[in-house]
Amino acid sequence: MEETTKLIRQAHAGDQEARNQLVMDNVGLVWSIVRRFAGRGHELEDLYQIGCIGLIKAIDKFNLDFDVKFSTYAVPMITGEIKRFLRDDGMIKVSRSLKELGMRVSSAREQMIWELGREPGLEELAVRIGASREEVAASMEAATEVESIYKTVGSGEDQNLRLLDKLTDEREQQEELLNRMVLEELLKRLTEKDREIIMRRYFENETQSQIAADLNISQVQVSRLEKRILRQMREYLSL
């Protein structure tokens, strides 16, 4: 774990060799996930390449302040990348009921933004349409129409622009929305003091020492509090 943390820190600092080493160290993890998708109409080698993209994203986005193993963080990133590839390539079909739920969620979200003057939370949307949070999140993920990623969607000077060229930004925006809504729900469950610590650390970029000085406690105490709060948030997420 210490060696992995060291390599991740070096990779974040721009060390390409450390990044490559992390990929090589996790080849077995990628293949273990790829094998779950055997028989979907794609060569496993192709899915392995897609899985490696998810692994690289996990390396680049992993927060060393989180008290969690890298492999625990990487598995859903790798799996999600493969699933998105299969979905966008037309191999995973979205059910009609899920599409219909997505339309209801979209309509309710627009109405609630107008009523509340802000983005509604996942729980609020679920209550409004009478569905579970999991169903709402799944419908939002599946809401985008699946088309050929090589379809030309541009016009004029951009007539050669393909759907593939636009997918990354759109997917990242959708994921950002879902992540923000889930995070909002997690923060609501924290006490006022715990929420303040997380907000100051991760949204206002304050150091543990700055927070410790304001709270009249030691930096070590803040570090312990932060780890405890993050662990609690992960437990909430797994419920």
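**Exercise 1.** Is T79 buried or exposed in this predicted model?

*Solution.* Step 1. The relative accessible area of T79 is 13%. Step 2. The cut-off for a buried residue is under 20% relative accessible area. Step 3. T79 is therefore buried.

**Exercise 2.** Place T79 in its secondary structure and describe its surroundings.

*Solution.* Step 1. T79 belongs to helix α5. Step 2. A polar atom of the T79 side chain lies 2.8 Å from the backbone oxygen of V75. Step 3. When neighbours within four places in sequence are set aside, T79 is in contact with I33, R36 and F37.

**Exercise 3.** Determine the accessibility of I8 and identify the residues that it touches.

*Solution.* Step 1. I8 is part of helix α1. Step 2. The relative accessibility of I8 is 1%; because the cut-off for buried is under 20%, I8 counts as buried. Step 3. Not counting residues up to four places away in sequence, I8 touches L22, I59, F62, L64 and F70. Step 4. For I8 and Q21, which stand 13 residues apart along the chain, the C-alpha atoms are separated by 9.7 Å.

**Exercise 4.** Characterise the packing of α10 against α11.

*Solution.* Step 1. Two quantities describe a pair of packed helices: the angle between the axes and the distance between them. Step 2. Helix α10 (residues 192-202) packs with helix α11 (residues 208-215) at an angle of about 145 degrees, and their axes are 10 Å apart. Step 3. The crossing of α10 past α11 is right-handed. Step 4. On the α10 side, I197, R200 and R201 make the contact, while α11 contributes Q208, Q210, I211, D214 and L215. Step 5. By residue class, the contact of α10 with α11 comprises 3 nonpolar, 2 polar and 3 charged residues.

Notes: Residues are numbered from 1 along each chain as its sequence is written. This is a predicted model: local features need pLDDT of at least 70, side-chain atom pairs count only at pLDDT 80 or more; totals for chains, interfaces and linings use all residues. Side-chain values use heavy atoms; hydrogens and water are left out. Axes are lines fitted to C-alpha atoms, for helices over the stretch in contact, and angles run from 0 to 180 degrees between N-to-C directions. Helices (H or I, at least four residues) and strands (E, at least two) are DSSP runs, numbered from the N terminus. A crossing is left-handed if the near helix is turned anticlockwise from the far one by less than a right angle, and right-handed if clockwise. Contact means heavy atoms within 4.5 Å. Ala, Val, Leu, Ile, Met, Phe, Trp, Tyr, Cys and Pro count as nonpolar, Asp, Glu, Lys and Arg as charged, and the others, Gly among them, as polar. Buried means under 20% relative accessible area, exposed over 50%, partly exposed in between (1.4 Å probe, protein chains only). A polar contact is a pair of N or O atoms within 3.5 Å; within protein, one must be able to donate a hydrogen and the other to accept it, and residues adjacent in sequence count only if both atoms are side-chain atoms.
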